Amino acid sequence: MAALPSLRQLSYLVTLSETLHFTEAARRSFVTQSTLSGGIMELERLLGGVLVERDRQNVRLTPLGEQVVARARVLLADAQDLMRLSREMSEPLTGDLHLGVIPTIAPFILAQLLDEVHKQLPKIQLHLHEAQSEKIVEKLEHGNLDMIVLALPFDTRGLKVAEVAKESLFLVCNKADIPSSQANNLDDLDLSRLMLLEEGHCLRDHTLSACPIGERKNDHRLKASSLPTLVEMVSANLGFTLLPEIAVRTNMIKANPDLLVKQIEAAPSRTLALVTRKSTPLQSEFDVLLQILQKITQDLH
C-alpha cells in the first residue's frame, strides 16, 4: 500500500488555508515554522502535486490545494468524532459540548437552555458560540462545533437535522404608523419601509423570500446589525419589520408601549432546528438537547 498523508500534515494545510501565513499557521499548530513547512512539503510529495504557492509577499492555495483542504476538513472532523466515540462509550453524557446558536435565536433561549442542561446533563460542560448561520455551519462541518441551532430554510449540506419548532414571522410596527398597523397581509404593506437585518442573517433571507422588494443589490433601506437595534429603529418609527414568534413574546417587545405586534396573512415562517454531523458520537446528548429545546420553544410560543 502506498504511503498515506497523516492527519497532522492535513491539519497543517488546513490551518495554513485559514491564515495564509506560515508563521501564524505554525503558531496555531504549536510547532516551528520549519516543521509546518516541512509537513506540507511532504504532503505535496505524497500527493504528487503543488498545494501551496509561495513567494515573498503572498501565500495562496492552488486549485488542488483547495480541493485537498475541503476533503481534509471532513477527515479531521471524522477523526475528532472517532476520539469522542471512545470517550462516549466509556463515559456517556460527560465532557465538553460546543453548541453554536444564531443571533436571532440565542437571546431568547440561552438562560433556560443553560438551566435545563445543568439539571438534565450535569456532567456536560456546555460551551456556547453565537454566530450567523453560514459561520456556524462551517464550524460544525470542520469539527469546531458539536451541534448548532439555526433556522430553516438554510442549506445544511447533508448534515443531520432535527426539527425543534415551526414559527411564523409577525408584523412589528410603531402604533403611530397607521398604514402598517392597519395591514392584514403583505400586499397591504409599503415594502419601501420594510427594515431588515444586515446581510448574513438568515432572518433577512426568510423575510425577503416573501417580500418582493426588487434587486437586493440596489436596496438602500435601513439595516440593523442585531434584533435589539432593529426593534429600536421600529420604535423610532423609521419603518416596520417582521420578527419571529419567540422574539415578539419577550419583554424586548412587550415592554415597549410604542410597538404594535400583529399576525398577518401570507407572512413568511421559519423552522428552528438542531443540527449535527451524521458521524456524531454524541447521539445521546443530541436527543436530550433536542427535547430540551422543544420544551423551551413550546413554552415561549
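I began with S29, which touches Y12, T15 and L36 when residues up to four places away in sequence are not counted, contact meaning heavy atoms within 4.5 Å. The model is predicted, so I kept in mind that local features need pLDDT of at least 70 and side-chain atom pairs count only at pLDDT 80 or more, while totals for chains, interfaces and linings use all residues. Residues are numbered from 1 along each chain as its sequence is written, and side-chain values use heavy atoms, with hydrogens and water left out.

S29 lies in helix 2 (helices, H or I, of at least four residues, and strands, E, of at least two, are DSSP runs numbered from the N terminus). At 16% relative accessibility I count S29 as buried (buried is under 20% relative accessible area, exposed over 50%, partly exposed in between, with a 1.4 Å probe and protein chains only).

I then looked up how helix 2 (residues 22–29) meets helix 3 (residues 33–47), and found a packing angle of about 100° with the axes 8 Å apart (axes are lines fitted to C-alpha atoms, for helices over the stretch in contact, and angles run from 0 to 180 degrees between N-to-C directions). Helix 2 is therefore roughly perpendicular to helix 3, a word that covers 65 to 115 degrees. F22, T23, A25, A26 and S29 of helix 2 make the contact with Q33, L36, S37 and I40 of helix 3.

**Backbone checks**

I recalled that most residues other than glycine have a negative phi, and most peptide bonds are trans. F30, in the loop between helix 2 and helix 3, has a positive phi of about 60° and is exposed, with a relative accessible area of 78%. N237, in the loop between helix 9 (227–235) and strand 9 (241–244), also has a positive phi of about 60°, but at 29% relative accessibility N237 counts as partly exposed. The peptide bond from L152 to P153 is cis, with omega near 10°, and P153 is found in the loop between strand 5 and strand 6 (160–174).

**Helix 6**

In helix 6 (residues 133–141) I noted S133, I136, V137 and L140 as buried. These residues fall within an arc of 105° seen down the axis, so they line one face of the helix, the arc being that of the directions from the helix axis to the C-beta atoms. They pack against strand 3 (95–101), strand 5 (147–152), helix 8 (202–208) and strand 11 (269–276).

Conventions:
Parallel < 35°, antiparallel > 145°, perpendicular 65-115°, else oblique.
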